[in-house]
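The stops below go from aromatic rings to charged side chains and end in a loop.

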Amino acid sequence: MLGVFSSAIVSPPDELVAAGSRTPSPKITAAALVNRFVQNNGSAVSVQVGDHAQLAYSHSNESPLQPRSFAVKDEIFCLFEGALDNLGSLRQQYGLAKSANEVLLVIEAYKALRDRAPYPPNHVVGHLSGNFAFIVFDKSTSTLFVASDQYGKVPLSWGITADGYVALKDLCSLLTMVLLICAGCFYSTAVGGLRSYENPKNKITAIPATEEEFWGATFKVEGPAVFAATK
């Protein structure tokens, strides 16, 4: 799955900008990234959302244990990869039909977060149990909400394209430079910054790697927790 967003939606995090200054050029543009994704993945679907966002996904090479799904409801667009162990109980909690799958559940969870403010985002994501990653884009409010499971079983990384778009992908092999969204974390443009489920009030900082070959960072919560890096 792939999500590409202009600076009108999300400003590139400082860690990405810092890492990007050390990576080889040229990087790929947002349009070229989406086109290459579609060309390289059989039966890929690409959706343009307004002027500033584009989503794409494919079932090509999909793991049966971590399927990908896409849904739109009330101008909320969601890409989901993985599976929730507690989907049944969450359906009851959000009043959904037994046929509702993970991607619809995440949309309903996001709506609860948006409409019941100040409902804490970490409560929404913290109640999800399983291996997953998702990208939610709310067109009506231009809000981006992204999360990865607490063990990082479904890797989700972000990078900057040559024309300054932020790209989010399950595996950012098409980008020159990437940072892995650390396990047990979520990102919301409404809240600001990358946050931990367990320590949502403590902002996460990234210490860029010093080696030229290493495109990543060590993420640290301003507290006791430490998260691994990627390259």
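Select F80, Y110, F132, F134, F145 and F186 together: these residues form one aromatic cluster. This is a predicted model, and the search for ring pairs in it gives a count of eight aromatic pairs.

**Two ring pairs to select**

Among the aromatic pairs is the one between F5 and F137, with 5.6 Å from centre to centre. The planes of F5 and F137 are at 50° to each other, and the pair is tilted. Now colour the strands: F5 is in strand β1, residues 2–5, and F137 is in strand β6, so this contact ties together parts of the chain that are 132 residues apart in sequence.

Next, select W158 and Y187. The ring centres of W158 and Y187 lie 5.2 Å apart. Because the planes of W158 and Y187 meet at 80°, the pair is edge-to-face, the cut-off for that class being over 60 degrees. W158 belongs to strand β8 (residues 157–160) and Y187 to strand β11 (residues 185–188), so that the pair links distant parts of the chain, 29 residues apart. Both W158 and Y187 are buried.

**Charged side chains**

Side chains of opposite charge can pair when their charged atoms come close. Over the whole structure, the search finds five salt bridges.

Start with E81 and R68, whose side chains meet in a salt bridge with an N to O distance of 3.5 Å. E81 sits in strand β5 (residues 76–84) and R68 in strand β4 (residues 68–73), and this pair links distant parts of the chain, 13 residues apart. E81 counts as buried because its relative accessibility is 8%, under the 20% cut-off. R68 is buried too, with a relative accessible area of 14%.

Move on to R114. Which side chains does R114 meet in salt bridges? One is D115, at 2.8 Å from N to O, and another is D138, at 3.0 Å from N to O. Through shared partners, the salt bridges join R114, D115 and D138 into one network.

D138 is buried, with a relative accessible area of 0%. R114 counts as partly exposed at 28% relative accessibility. D115, at 51% relative accessible area, is exposed.

**Last stop: a loop**

Select K201, which is found in the loop between β12 (194–196) and β13 (204–208). K201 has a relative accessible area of 79% and is exposed.

Conventions:
Residues numbered from 1 in each chain as written. Predicted model: local features only at pLDDT ≥ 70, side-chain atom pairs only at ≥ 80, totals over all residues. Heavy atoms only, no water. Salt bridge = Lys/Arg side-chain N within 4 Å of Asp/Glu carboxyl O. Helix = DSSP H or I, 4+ residues; strand = E, 2+ residues; numbered from the N terminus. Buried < 20%, exposed > 50% of the residue type's maximum accessible area, 1.4 Å probe, protein only. Phe/Tyr/Trp six-rings, centres within 6.5 Å; stacked < 30°, edge-to-face > 60°.
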